[in-house]
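Dear colleague,

I am handing over the structure below, and I would be glad if you could look through it alongside the notes that follow. They cover some charged side-chain pairs and then one of the sheets.

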Amino acid sequence: DMKLVKTVSPAVVDSQAAAPAEVIYTLKATRNSGLLIPQDITITDTLPANVSFGSIVGSTGWDCGTSAGQSVVCTFDNTTEQKQNLPDLKFTAKVALGSVTLTDGTAVIKNTAVLAVSNEPAGNLANNTSSANLTVTNQIALATSKAASVGTGPIADGAEFFYTIEVKNDSSIPVRSGQTITVVDELDGKLQYTGTDAPWSCTPAPVAWSDSPLPTCTHQLAD
């Protein structure tokens with residue numbers, strides 16, 4: 001009884017990145033049970049229309065000589081090797097990002113591979129098929145956290161303290177350069193803004209702070 005597991009790395013790509021985007025598919029064929037040595041081993045992987053075969057990664061004994069375009073067919077000659085668990089099959093693939101249609105900023109490309117072994121009984125084939133999902137997206141997920149330098153203790157009237165606001169990207173794709181990140185902080189009426197460290201820039205100026213209780217700070221990412 002053989003088993004196939006397929007994964008893709010990275011699992012998420014930026015739809016606005018330079019095209020074509022390159023990913024690596026990994027197919028792991030292992031013996032799940034039984035004592036016989038697997039023979040006449042073939043992995044067939046038909047790639048989606050917007051994904052094309054690149055090249056084999058490393059030298060592992062898999063023969064993928066006829067693979068091209070959307071057709072990936074790889075064989076492993078186990079008559080000499082007599083391996084019970086086979087080496088991983090890894091290959092690069094190129095994703096034509098311009099041909100991927102996004103819905104609400106995201107698309108999922110599902111890719112399925114099938115493992116065939118000549119001496120595996122028909123009743124053991126349920127785990128010979130495996131899929132990997134590749135997400136193409138233009139959506140990021142920013143998160144913020146805020147802390148005061150004085151903690152929960154009291155402060156004297158007119159004493160200066162500072163807030164630290166951390167902005168982080170919780171998504172799997174980077175924030176693209178040239179974009180502006182904006183943070184709006186509603187201060188209590190008893191507080192007065194005094195300054196901000198670079199590279200953030202905050203408006204309005206302190207002298208006009210009472211006219212605008214919502215400090216707005218921006219940071220433009222470098223190219």
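In what follows, buried means under 20% relative accessible area, exposed means over 50%, and partly exposed is in between, with a 1.4 Å probe and protein chains only. Please bear in mind that this is a predicted model, in which local features need pLDDT of at least 70 and side-chain atom pairs count only at pLDDT 80 or more, while totals for chains, interfaces and linings use all residues. Residues are numbered from 1 along each chain as its sequence is written, and side-chain values use heavy atoms, with hydrogens and water left out.

Salt bridges

With a salt bridge taken as a side-chain nitrogen of Lys or Arg within 4 Å of a carboxyl oxygen of Asp or Glu, the count comes to four. One of them joins the side chains of Lys 6 and Asp 45, at 2.4 Å from N to O. Lys 6 belongs to strand 1 (residues 2-9) and Asp 45 to strand 4 (residues 41-46), so this pair ties together parts that are 39 residues apart in sequence. Strands here are DSSP runs of E with at least two residues, helices are runs of H or I with at least four, and both are numbered from the N terminus. Both Lys 6 and Asp 45 are buried.

Another salt bridge is formed by Lys 94 and Glu 22, whose closest N and O atoms are 3.1 Å apart. This pair links distant parts of the chain, since Lys 94 is in strand 8 (residues 89-95) and Glu 22 in strand 3 (residues 21-31), 72 residues apart. Lys 94 is partly exposed, at a relative accessible area of 36%, and Glu 22 is also partly exposed, at 46%.

Lys 28 and Asp 88 likewise meet through their side chains in a salt bridge, with 3.0 Å from N to O. Lys 28 is partly exposed, with a relative accessible area of 39%, and Asp 88 is partly exposed at 25%.

Three strands make up an open sheet in the order 13-15-14, with antiparallel pairing, where two strands count as paired if DSSP finds at least two bridges between them. Strand 13 (180-184) and strand 14 (201-203) stand at the edges with a single partner strand each, so one side of each has no neighbour in the sheet. Strand 14 and strand 15 (residues 216-220) run antiparallel and are joined by three bridges; Ser 201 has Thr 218 of strand 15 as its bridge partner.
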